[in-house]
Amino acid sequence: KAAANMAGRLLSIELAPKGILVQMLHPGFNKTDMTKKYEAMWEKEGAVDCSIGAKRVCHEVNLMSKDRTGLFINCEDGLRIPW
């Protein structure tokens, strides 16, 4: 995961002169087949339906700007995730 984050960061630096923005986005805890084994925790941990998770991701994509390029963003709250 750290390598993927670094690749995104380096890509954002390389593409910045061309005006291309790059962000790494964490969609949050979504109710999916993959997370079904955690179904007992979904409500307590705030898991959301995939449609809400997708809207959160789209919202963050719409907020992308030069000052946020290269960041790892949590789509649940819009905050930067340090790594």
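Colleague: Where does K36 stand: buried, partly exposed or exposed?

Modeller: K36 counts as partly exposed, at 41% relative accessibility. Keep in mind that this is a predicted model. The label follows from cut-offs: under 20% is buried, over 50% is exposed, and partly exposed lies in between.

Colleague: Which residue forms a salt bridge with K36?

Modeller: E39 does, and the closest N and O atoms are 3.1 Å apart. E39 is itself partly exposed, with a relative accessible area of 39%.

Colleague: How many salt bridges does a search of the whole structure find?

Modeller: Three. One of them joins K31 and E43, with the closest N and O atoms 2.8 Å apart. This pair links distant parts of the chain, 12 residues apart. K31 sits in strand β2, residues 30-31, while E43 belongs to helix α2, residues 42-45.

Colleague: Is E43 buried or exposed?

Modeller: E43 counts as exposed, at 62% relative accessibility. K31 is partly exposed, and its relative accessible area is 27%.

Colleague: Which side chain meets E60 in a salt bridge?

Modeller: That of R68, at 3.0 Å from N to O. Check the burial of E60 too. E60 has a relative accessible area of 3%, so it is buried.

Colleague: What does Q23 touch?

Modeller: Leave out residues up to four places away in sequence, and Q23 touches E60, M64, R68, L71 and I73. The side chain of Q23 reaches the backbone oxygen of R68 at 3.1 Å.

Colleague: Where does Q23 lie?

Modeller: In the loop between α1 and β1. Q23 counts as buried, at 13% relative accessibility.

Colleague: Which residues make the nonpolar surface patch?

Modeller: M6, L10, I13 and W83 make it, and it covers about 410 Å². Take M6 as the example. M6 is found in helix α1, residues 2-15. With a relative accessible area of 38%, M6 is partly exposed. Patch residues need over 30%, so M6 clears that limit.

Colleague: Where does F72 lie, and is F72 buried or exposed?

Modeller: F72 is in strand β4, residues 72-74. F72 is buried, with a relative accessible area of 8%.

Colleague: What does F72 touch?

Modeller: Not counting residues up to four places away in sequence, its contacts include K1, N5, M24, L25 and H26. L79, R80, I81 and W83 are also among them. W83 is a member of the nonpolar patch as well.

Colleague: How far apart are F72 and P27 in sequence and in space?

Modeller: Read the two separations side by side. F72 and P27 are 45 residues apart in sequence. In space, their C-alpha atoms are 11 Å apart.

Conventions:
Residues are numbered from 1 along each chain as its sequence is written. This is a predicted model: local features need pLDDT of at least 70, side-chain atom pairs count only at pLDDT 80 or more; totals for chains, interfaces and linings use all residues. Side-chain values use heavy atoms; hydrogens and water are left out. Patches are made of residues with over 30% relative accessible area and no salt bridge: like charges are joined within 9 Å, nonpolar side chains (Val, Leu, Ile, Met, Phe, Trp, Tyr) within 5 Å. Accessible areas come from the Shrake-Rupley method with a 1.4 Å probe; for residues, only the protein chains shown count as cover. A salt bridge is a side-chain nitrogen of Lys or Arg within 4 Å of a carboxyl oxygen of Asp or Glu. Helices (H or I, at least four residues) and strands (E, at least two) are DSSP runs, numbered from the N terminus. Buried means under 20% relative accessible area, exposed over 50%, partly exposed in between (1.4 Å probe, protein chains only). A polar contact is a pair of N or O atoms within 3.5 Å; within protein, one must be able to donate a hydrogen and the other to accept it, and residues adjacent in sequence count only if both atoms are side-chain atoms. Contact means heavy atoms within 4.5 Å.
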